[in-house]
Amino acid sequence: MANPRPERAPKAPKITPRVQNGSQNGARDTGADATSTVAPTDIVETAAAAGRFATFGRAIQATGLASLLGGKGPFTVFAPTDKAFAKMPGADLDALLGNTTELTRVLSYHVVRDRVKAPRAGTPNSLTTATGSNLEISRADGGGFKVNEARILKTNIRASNGVIHAIDRVLVPR
């Protein structure tokens with residue numbers, strides 16, 4: 001006589017945690033990058049809270065751009081992550097951070113004075129920055145999109161006065 005199969009325990013129900021933000025609509029937390037429907041903070045505060053834009057945050061504070069990006073908006077910021085700044089040669093990064101005029105020019109090149117949602121096929125491929133220069137949006141090799149030579153890593157990080165798209169390089173004005 002064959003041994004009977006052991007009885008399997010029933011699967012536990014899947015539990016979805018709720019955001020503890022006082023929301024009355026039962027919004028669900030979908031992870032570290034979750035954003036609420038209405039963003040309560042401006043671009044400067046949202047970038048700081050995201051945890052991956054510390055260098056960018058210090059740089060915008062040093063240049064005075066924080067007052068612009070904390071204003072009414074709408075703005076779109078293609079924000080280099082801390083890893084993007086770390087890719088720069090140390091001497092170049094130090095020189096950039098030490099030259100407020102050049103740093104302001106470079107950081108302003110990352111700002112568009114309009115709300116630009118995540119790129120999709122068929123969306124405009126050219127945007128005008130706060131400096132009046134153009135950024136080119138295109139398909140990246142292997143999928144996704146890029147702005148100029150920087151890959152867009154995370155899109156639509158919402159702020160009360162605009163949106164942030166995380167990128168993997170510091171853009172240099174052309």
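1. Helices and strands here are DSSP runs, numbered from the N terminus: helices are H or I with at least four residues, strands E with at least two. The model is predicted, so local features need pLDDT of at least 70 and side-chain atom pairs pLDDT 80 or more, while totals for chains, interfaces and linings use all residues. Residues are numbered from 1 along each chain as its sequence is written, and side-chain values use heavy atoms, with hydrogens and water left out.

2. Is Asn161 buried or exposed? Asn161 counts as buried, because its relative accessibility is 4%. Buried means under 20% relative accessible area, exposed over 50%, and partly exposed in between, with a 1.4 Å probe and protein chains only.

3. Leaving aside residues up to four places away in sequence, Asn161 touches Asp42, Ile43, Leu69, Gly70, Gly71, Lys72, Gly73, Pro74, Phe75 and Arg115. Contact means heavy atoms within 4.5 Å. A polar atom of the Asn161 side chain lies 2.9 Å from the backbone nitrogen of Ile43. A polar contact is a pair of N or O atoms within 3.5 Å; within protein, one must be able to donate a hydrogen and the other to accept it, and residues adjacent in sequence count only if both atoms are side-chain atoms.

4. Ile43 belongs to helix α1 (residues 43–50), whose buried residues are Ile43, Val44, Thr46 and Ala47. These residues lie on the same side of α1 because they cover an arc of only 165° around the axis. The arc is taken from the directions from the helix axis to the C-beta atoms. Ala48 and Ala49, on the other side of α1, are exposed.

5. Which elements cover the buried residues of α1? They include α2 (54–63), α3 (65–69), β1 (75–80), β6 (150–159) and β7 (162–167).

6. Both ends of α1 have a local feature to check. At its start, a side-chain oxygen of Asp42 comes to within 3.0 Å of the backbone nitrogen of Val44. Just after α1, Gly51 has a positive phi of about 85°.

7. β6 and β7 form a hairpin with 2 residues between them. The two strands pair antiparallel over 5 bridges, and Lys154 has Ala166 in β7 as its bridge partner. Strands count as paired if DSSP finds at least two bridges between them.

8. β6 is also joined to β5 (residues 145–147), antiparallel, by 2 bridges. Val147 has Ala150 in β6 as its bridge partner. This hairpin has 2 residues between its strands, and Asn148 in the turn takes a positive phi of about 50°.
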